[in-house]
Amino acid sequence: MGFAAKSYFSLLCMLVLFTTICYSQSNYVSSRATYYHSPDNLGTPTGACGYGEFGQRVNGANVAGVSMLYRNGSGCGACYQVRCKIPKLCSDDGVKVVVTDYEEGDRTDFILSTRAYARLAVPNAASKLFPFGVVNVEYQRIPCRYPGYNLKVKVHEYSKFPGYLAVVVLYQAGVYDITAVEVWQEEDQEWKCMRRAFGTVWDLPGPPAGPLSFRVQVSGSGGTKWVQMTDVVPSEWKAGVVYDTPIQLS
């Protein structure tokens, strides 16, 4: 191989490597993040997604409130990798957070729990990161992972048996948005749409009697699909109770 050919081959390899590097970073979006105070460093049990205590402790309390990413509640349950950009203070990996609340800040996409904000820093440097208050970050959406957990259906505390039912789907793994929830109406032999009451809480006045079956419409990069959960909520359901399903999203 002559000198010109070798030079061309080297330049081509450099271009391919540069393109690969750029592509690997292209999914990250630049933004800003801050944090909210809580006495226990956990998330808030009153978040706008409607998760309650689940939203306080899920993902090791590495949770976040968002504004633009909230998307009228369909952004609830989404997972993001967030990393700040202050040399020597910010870790390379940053923190993986779950969206559990709606919050607005000073041009921030993320308002993190205290615990999540601390994990932006390299070991033993969190105390130096907190005085900044707001930091520049980059983020990307990532799959949620809940090893050992299936989808669960929680009957929301606002429910009143037997006349008003509100539910929340928990442990929403993968990269999916929940865009619709329906309950099976045995008497009419049809699926009945539930309303998004707020966040990721879906409700229905006058729900059907008997064990309740649901199907959930999830949307992701691979398209939209329905996930059916049969007889997961018993006839005499109770507000505040969480019911397990055999279904896992991935």
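This is a predicted model: local features need pLDDT of at least 70, side-chain atom pairs count only at pLDDT 80 or more; totals for chains, interfaces and linings use all residues.
Three disulfides were found in a search of the whole structure. Counted along the chain, the bonded cysteines pair in the pattern 1-2, 3-6, 4-5.

Cys49 and Cys76 are joined with an S to S distance of 2.1 Å. This pair links distant parts of the chain, 27 residues apart. Cys49 is located in the loop between strand E1 (29–35) and helix H2 (53–57), and Cys76 in the loop between strand E2 (63–66) and strand E3 (79–84). The torsion about the S-S bond of Cys49 and Cys76 is about -90 degrees, and the disulfide is therefore left-handed. Cys49 is buried, at a relative accessible area of 0%. Cys76 is also buried, with 2% relative accessibility.

A disulfide between Cys79 and Cys144 has an S to S distance of 2.0 Å. Because Cys79 lies in strand E3 and Cys144 in the loop between strand E6 (135–142) and strand E7 (152–155), the pair ties together parts that are 65 residues apart in sequence. The S-S torsion of Cys79 and Cys144 is about 115 degrees, so this disulfide is right-handed. Both Cys79 and Cys144 are buried.

Cys84 is bonded to Cys90, with 2.0 Å from S to S. The link of Cys84 and Cys90 is left-handed, with -115 degrees about the S-S bond. Both of these cysteines, Cys84 and Cys90, are buried.

Cys193 has a relative accessible area of 54%. Since exposed residues are those over 50%, Cys193 is classed as exposed.

Conventions: Residues are numbered from 1 along each chain as its sequence is written. Side-chain values use heavy atoms; hydrogens and water are left out. A disulfide is a pair of cysteine sulfur atoms within 2.5 Å. Helices (H or I, at least four residues) and strands (E, at least two) are DSSP runs, numbered from the N terminus. Buried means under 20% relative accessible area, exposed over 50%, partly exposed in between (1.4 Å probe, protein chains only).
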